[in-house]
Amino acid sequence: MQRLAKPETAVAIGVIALGLLALYETTEIPVSPMYAQVGPTLVAYLASALLILLGLGLIVQVWTGLWTSPPEETEVVLDIRALGWLLLGLVLNIGLIGPLGFIPASTLLFACTARAFGSTRPGRDVLIGLAFAAVAYFGFAQLLNINIGESSLLSALLEGGN
Amino acid sequence: MDTLSLLAGGFAVALQPMNLLWALVGVTLGTAIGVLPGLGPALTIALLLPITFSVPATAAFILFAGIYYGAMYGGSTTSILLNTPGESATIITALEGHKMAKKGRAAAALATAAIGSFVAGTIGTLGLTFVAPPLVEFALRFGPADYFSLMVVAFIAVSAVLGTSVLRGLTALAFGILLGLVGIDLQTGQPRFTLGLPELLDGINVIVVAVGLFAVGETLYLAGRPKSEVTLVPLKGRAYMTKEDWQRSWKPWLRGSFLGFPFGALPAGGAEVPTFVSYFLEKKLSKKPEEFGHGAIEGVAGPEAANNASAAGVLVPMLALGLPTSATAAIMLSAFQSYGINPGPQLLQSQPELVWGLIASLYVGNVMLLILNLPLAGLWAKILAIPSPWLYGGILVFATIGTYGISQSWIDLVLLYLIGGVGYLMRRFDFPTAPTVIGMILGPFAEQEFRRAMTISAGDMSTFVTRPLSLTLLIIAALLLITPLLLRLRDRKRG
């Protein structure tokens, strides 16, 4: 009896679940009888069915031992602490980019990511992140004419200073 | 003769000062991101897509093509000096190139890579110049059914032929097609897969998917793994190629070029396969096969040339048929959309200035890249000294700016990080990401052709198998799908 590869099974089930969700969503698409032949649902049904079938195929591959991850993936100990720092940075960024603006939120994201990749000097990382975010904001965004909103904290500080 | 006059017109466009500047910016940026591990041309072009709102199409495509070519040059620097491929297509370069560097011959390895890239890039661009027009002539006869079947070939080729698993490749493709379906159906106005979120009515932006998969996913993956110290081989001296190096390099350059171009041009795009083939070919033909594995210069010259020639080859189906066969080409295709330009065989006629200006700029860009990479290799190597905490911090900040800039909605950021999570899983469980991007961008085109064909045939599915061209293409697709499975079965019976 082959040892069941648990993570791979979970991924295969995830693929099936995504297919089922897509299938359900497809049945919710209203179809006008005018387009009955080649309406908006045909390709959606095909894609959903394909995902479900592929997911089932993947499960069979796991069970028959055809799909296993190489030892460099299975034997490695996941660096949970690093992932935690990175996720913290991402969540902070989502939460703060609206209220604080791009530059402060990005500075925190930069510092958290640096911490995740083994930096041990948060103060220095914050300064570099701030400089980098400012250059990115004023350089990249203005150059490309993309509007990433006011950096509200920064403008508040500038106004407070004046 | 006609092609030559069109090309001359292209040079008139490409040599305009502003366009020269765009090409220079492109190749410089491309080399830099090619050098940096974890950053690729697909990601960079995706991040720069907003530029399509503010500059003319010709300028934007000259920039994108410069990035694309530049990344191919830059990737080799990382492979040689760091033994970490900057690009998946330069894995092979690391084999011999890094050994050469360890023996103190880094400068020679970088030189043969740069000159080989130049030779191959130029030969590949020549190929593009003369293969694309006749291909267009042929493709103009395609009906919607034929087109749909051609896209099926491309789908199968990119997901089932490359990579380690047919099932996982197809799963990645199906996921991409699903992402491409999200939003309002343009023909009927019905929202699909929007989960009731108004933000999803416009569909999921390509930038979000490309940046999520390539930047966020990669960063998550690397953060979760043990951090290993990589050692950079210092680049010292000016010991360029000796006479013997030249003698051992020029044939591999040419062979690599002629090998790489067709591989890139076939819908089974991707630069990895020809680099592998070139490596083994050079090993076989070499007068000193014993040097392979210990720093043989042929093992750098051949694969590097193959890699660059295939980059030019990928542009053939992209420009002539509107058929992207790599993630980068798919993202360039979506840039056409944002200009309202219809990619496909009409492109050469409707946008001659754009297409020929772009092709001419590739010749120009190659010359620029040779100049940038030969004397300045040491400078590019310095980029590698950026500590990884700052490199990945910077990548995520850029990922945020590119995504948040789309609509200033935090929902886009949530979507970006979710897709990043999917990208992490795909990397961890060895699903290829290119089929997802290609499926997302090409999927809607395929659906459009499918529905057109069905409308013409009044809902009769048999139109796909009664048209000879369409049938041939579908048989090719089926063979592409079945052959690897049969080969594997045969191997298992033997083993």
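Me: Looking at A:W67 and B:F429, are they buried or exposed?

Reply: Keep in mind that this is a predicted model. A residue counts as buried when its relative accessible area is under 20%. Here, A:W67 and B:F429 are both buried.

Me: How do I read the geometry of the rings of A:W67 and B:F429?

Reply: Check the centres, then the angle: rings pair if the centres lie within 6.5 Å, and planes over 60 degrees apart count as edge-to-face. For A:W67 and B:F429 the centres are 6.4 Å apart and the planes sit at 75°, so you'd call the pair edge-to-face. This pair also crosses between chains: A:W67 is in the loop between α2 and α3 of chain A, and B:F429 is in the loop between α18 and α19 of chain B.

Me: What lies over the face of B:F429?

Reply: For an Arg, you look at how far CZ is from the ring centre, with 6 Å as the limit, and at the angle to the ring normal. In this case B:R428 lies over the face of B:F429, 4.4 Å from the ring centre.

Me: How many aromatic pairs does the structure hold?

Reply: Over all chains there are 21. One cluster is formed by B:F61, B:F64, B:F336 and B:Y339.

Me: And B:S310, where is its place?

Reply: Find the helix, then the burial, then the contacts. B:S310 is in helix α12 of chain B, which spans residues 298–321. With a relative accessible area of 1%, B:S310 is buried. Its side chain reaches the backbone oxygen of B:N307 at 3.1 Å, and the cut-off for a polar contact is 3.5 Å.

Note on methods. Residues are numbered from 1 along each chain as its sequence is written. Chains are lettered from A and ligands numbered from 1 in the order in which they are written. This is a predicted model: local features need pLDDT of at least 70, side-chain atom pairs count only at pLDDT 80 or more; totals for chains, interfaces and linings use all residues. Side-chain values use heavy atoms; hydrogens and water are left out. Helices (H or I, at least four residues) and strands (E, at least two) are DSSP runs, numbered from the N terminus. Buried means under 20% relative accessible area, exposed over 50%, partly exposed in between (1.4 Å probe, protein chains only). A polar contact is a pair of N or O atoms within 3.5 Å; within protein, one must be able to donate a hydrogen and the other to accept it, and residues adjacent in sequence count only if both atoms are side-chain atoms. Rings of Phe, Tyr and Trp (its six-membered ring) pair if their centres lie within 6.5 Å; planes under 30 degrees apart count as stacked, over 60 as edge-to-face and the rest as tilted. A charge sits over a ring if NZ of Lys or CZ of Arg is within 6 Å of the ring centre and within 35 degrees of the ring normal.
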